Amino acid sequence: MKVAVVILNWNGKTLLQQFLPSVVKFSKEATIYVADNASTDDSVPFLEETFPSVKIIQNESNGGYAQGYNDALKNISADIFCLLNSDIEVTENWLTPIIETFKADENTAIIQPKILDFKQKTHFEYAGAAGGYIDKFGFPYCRGRIFDTLEKDLGQYNDTTDIFWASGACLFIRQQTFNKLKGLDNHFFAHMEEIDLCWRAKNLGYTIKYVGNSTVFHVGGATLNAVNPKKTFLNFRNSLFTLTKNVNKYLFGIILARLCLDGIAGIKFLAELKPKHTFAIIRAHFSYYKHINRLLNQRKQTKQRIKYYNRTSIVFDYFILKKKTFKSLKS
C-alpha cells in the first residue's frame with residue numbers, strides 16, 4: 001500500500017527543523033512531501049539542503065489548509081494520503097496500525113491516530129484527541145477533549161473504533177475517496193474543513209476510524225493560536241458553512257438556534273474583556289450570509305444526508321450539566 005505523508009508549510013522553517021526529523025526517521029513505509037504555500041522565508045532552501053529525501057511541491061499561493069492541500073495532492077499518486085501538520089512529532093511504528101486498518105476494511109476511508117499534547121505528553125491534545133463528534137448544532141467535541149477540558153491519557157482510548165470526524169492535524173484518507181469527494185472545500189481556507197470533508201464522506205456511506213495504537217504529539221496553534229480573533233472568525237463561520245451544506249433536516253431551525261448560541265458566546269467574550277473575539281463572531285455571521293446562496297447550491301448537490309449527532313447539545317452537557325469528560329456523557 002503506497003502512502004504519501006504530506007506536510008503543508010507556510011513560513012514554517014522553525015517547525016520543520018524541529019519536527020520533520022521524527023517524520024523522516026519513523027516513516028520508512030511512506031514517501032514524504034512538503035507542500036509549500038508560497039513561503040517567503042527560507043523554508044524551501046532549508047529543505048533542499050537538509051532533507052534531500054523529502055520531495056517538495058511548491059504551490060503558487062497561500063490558499064490556506066484547504067486549497068493548499070487540494071493544489072498539492074493533484075501532483076501526488078498514492079493509495080493513502082496522510083495530511084500532517086508541520087507541528088507534529090510522530091512515534092516509532094506510527095504508520096503500521098494505520099496501514100493494517102485500511103487493509104482490513106475496504107470501506108474505511110479516513111483514519112485518525114491518537115493525538116497527544118506535545119507540551120504535556122500525558123494528556124490529549126485539543127485538535128482531535130481520540131476522535132471527533134459533533135452535536136446537533138455543529139459544536140465539535142472529542143473523546144478525550146470537550147471544549148477546553150483535556151483528559152489525561154490513561155489508556156482509556158487505546159481502541160480502534162468508528163468516529164464521526166478525524167482531525168486535520170493528522171488525517172489519513174484514501175486517494176480514491178479524496179478524489180471522489182473533490183477534495184476539501186477551498187472556501188473554508190482553514191479550520192473545520194476536515195469536519196466538512198468527513199461529513200461528506202459519511203453521507204456517501206464511508207467509515208471513519210480512530211486507531212488508538214498509533215500515536216502522534218501535536219503542538220497545536222503553532223500557525224494560528226487560540227487568542228487570535230482570526231481563528232474565532234474561521235471556526236464560527238466555517239461551522240455554519242458545514243451545517244448548511246450537510247444537515248439532514250430542520251436546517252432553518254438548527255441554523256437559527258446556532259446563531260443565537262453564537263450570540264451568547266459573543267456576550268461571554270465581552271464579559272471576559274475580549275471584544276475582538278465578539279467582533280470576530282459578528283464578522284463570521286456576515287461572511288456566512290454572503291456565502292449562503294453558494295452553500296445552498298452545494299447542499300442541493302448532496303443526494304443523501306445521514307443523521308450526524310449523538311448529543312443534542314454539548315454546550316448544555318458541558319456548561320449546565322458539568323459533564324467534562326467523554327465517559328461522563330454516557331451517564
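Trainee: Let's start with helix 2 (residues 43–50) in this predicted model. Which of its residues are buried?

Mentor: In helix 2, the buried ones are S43, V44, F46 and L47. These cover an arc of only 160° around the axis, so they sit on the same side of helix 2. As a general idea, an α-helix has 3.6 residues a turn, so residues three or four places apart point the same way.

Trainee: And which exposed residues are on the face turned away from that buried side of helix 2?

Mentor: That face carries E48 and E49, which are exposed.

Trainee: What do the buried residues of helix 2 pack against?

Mentor: They pack against helix 1, and also against strand 1 (3–9), strand 2 (30–36) and strand 3 (55–58).

Trainee: Okay, on to strands. How should I read the two faces of one?

Mentor: In a regular strand, side chains alternate between the two faces of the sheet. Now look at strand 12 (residues 170–174), where five of the five residues are buried.

Trainee: Which strands pair with strand 12, and in what sense?

Mentor: Strand 4 (residues 80–84) runs antiparallel to strand 12, and five bridges join them. Here L84 has C170 as its bridge partner. Strand 6 (residues 108–117) also pairs with strand 12 in the antiparallel sense, over two bridges.

Trainee: What lines the largest cavity?

Mentor: Its lining consists of I7, L15, L16, F19, L20, V23, L84, N85, S86 and I88. Helix 1 (residues 13–25) gives the largest share, five residues. By class, the lining of the largest cavity has eight nonpolar residues, two polar and no charged.

Trainee: And what about the second largest pocket, how is it lined?

Mentor: That pocket has a volume of about 510 Å³. Its lining has 18 residues, with L181, K182, R200, Q301 and T302 nearest the centre. Helix 6 (193–203) and helix 7 (229–246) each supply at least two lining residues. The lining of this second largest pocket splits into three nonpolar, nine polar and six charged residues.

Conventions
Residues numbered from 1 in each chain as written. Predicted model: local features only at pLDDT ≥ 70, side-chain atom pairs only at ≥ 80, totals over all residues. Heavy atoms only, no water. 1 Å grid on protein atoms, 1.4 Å probe; cavity = no way out; pocket = protein on both sides within 12 Å on 5 of 7 lines; lining within 4 Å. Helix = DSSP H or I, 4+ residues; strand = E, 2+ residues; numbered from the N terminus. Nonpolar A, V, L, I, M, F, W, Y, C, P; charged D, E, K, R; others polar. Buried < 20%, exposed > 50% of the residue type's maximum accessible area, 1.4 Å probe, protein only. Pairing = 2+ DSSP bridges. Points joined across faces, edges and corners; volume = space filled by probe spheres on them. Arc of directions from axis to C-beta. Contact = heavy atoms within 4.5 Å.
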